[in-house]
Amino acid sequence: MKLNYLWSLALTTALLSWASNVNASINQADLYGSWHCKTSLEENGVKIFVDMDANYIRNGKSNGFGFFVIRFPDGLEVKYSVTGSGVWQLKNGYLIETSEEIKVVNLSHPRLDKILDMESLFPQNVSESSKVLQLNKSFLKVKSETNGTVIGCKRS
């Protein structure tokens, strides 16, 4: 399971919304500010729920914070907090983000960290590219080039 994609998805993509197509010209200024994003995905019976807030700053910097929950088929549910920062750019209809710092903390079952080191699954300086499906002052919707997941966000 590509959990390192999860952070990129949540932070980058944490800027997304529920709409259709983007105009040929994207107004970069519409991205500036705070967004609240939620999404979920499932792989091999493992469900991941993401609830993130992301901020895009005019200078090309971004930061985010929130939670994600991993629910395993046996019913075990593990909750993590995540914070991170990076840089972003809009280019040819794509939102490209590069993580610079990511901190993941197991909130519910810290003893599992001996088995699964989540922090190591979120490498720094990794870029994620997402096609912008919609961007306006209220909504952001992107589709990850990594796995096709669509993430939607509302303006905070």
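How accessible is Lys-38: buried, exposed or partly exposed? Lys-38 has 48% relative accessibility, so it counts as partly exposed. Here, buried means under 20% relative accessible area, exposed means over 50%, and partly exposed is in between, using a 1.4 Å probe and protein chains only.

## Before you look around

This is a predicted model, so local features need pLDDT of at least 70 and side-chain atom pairs count only at pLDDT 80 or more, while totals for chains, interfaces and linings use all residues. Residues are numbered from 1 along each chain as its sequence is written, and side-chain values use heavy atoms, with hydrogens and water left out.

## Strands side by side

Let's start with the strands. Helices (H or I, at least four residues) and strands (E, at least two) are DSSP runs, numbered from the N terminus. Two strands pair if DSSP finds at least two bridges between them.

Strand β4 covers residues 77–91 and strand β5 covers residues 94–106; the two run antiparallel and are joined by 12 bridges. Across this pairing, Ser-81 stands opposite Val-105 in β5. The hairpin of β4 and β5 has two residues between the strands, and Asn-92 takes a positive phi near 50° there.

On to the next partner: β5 also pairs with strand β6 (residues 127–135), again in the antiparallel sense, over five bridges. In this pairing, Glu-97 stands opposite Glu-128 in β6.

## Charges that meet

Side chains of opposite charge can pair when their charged atoms come close. A salt bridge here is a side-chain nitrogen of Lys or Arg within 4 Å of a carboxyl oxygen of Asp or Glu. A search of the whole structure turns up four of them. One of these joins Asp-30 and Lys-137, with the closest N and O atoms 3.2 Å apart. This pair links distant parts of the chain, 107 residues apart: Asp-30 sits in the loop between α1 (3–11) and β1 (33–43), and Lys-137 in the loop between β6 and β7 (139–144). Asp-30 is buried, at a relative accessible area of 9%, whereas Lys-137 is exposed, at 58% relative accessibility.

Now back to Lys-38 from the opening. The side chain of Lys-38 meets that of Asp-51 in a salt bridge, at 3.9 Å from N to O. Because Asp-51 lies in strand β2 (residues 46–56) and Lys-38 in strand β1, the pair ties together parts that are 13 residues apart in sequence. Asp-51 is partly exposed, with a relative accessible area of 29%.

Glu-77 and Arg-71 form another salt bridge, and their closest N and O atoms are 2.7 Å apart. Glu-77 is partly exposed at 37% relative accessibility, and Arg-71 is partly exposed at 33%.

## Rings and their neighbours

Rings of Phe, Tyr and Trp (its six-membered ring) pair if their centres lie within 6.5 Å; planes under 30 degrees apart count as stacked, over 60 as edge-to-face and the rest as tilted. The whole structure has three aromatic pairs. In one of them, Phe-68 and Tyr-80 have ring centres 4.9 Å apart and planes at 15°, so the pair is stacked. Phe-68 is in strand β3 (residues 61–71) and Tyr-80 in strand β4, 12 residues apart. Both residues, Phe-68 and Tyr-80, are buried. Elsewhere, ring pairs link Tyr-32, Tyr-56 and Trp-88 into a cluster.

Some charges sit over rings, meaning that NZ of Lys or CZ of Arg is within 6 Å of the ring centre and within 35 degrees of the ring normal. Lys-79 lies over the face of Phe-67, at 4.5 Å from the ring centre. Arg-155 lies over the face of Trp-35, at 4.1 Å from the ring centre.
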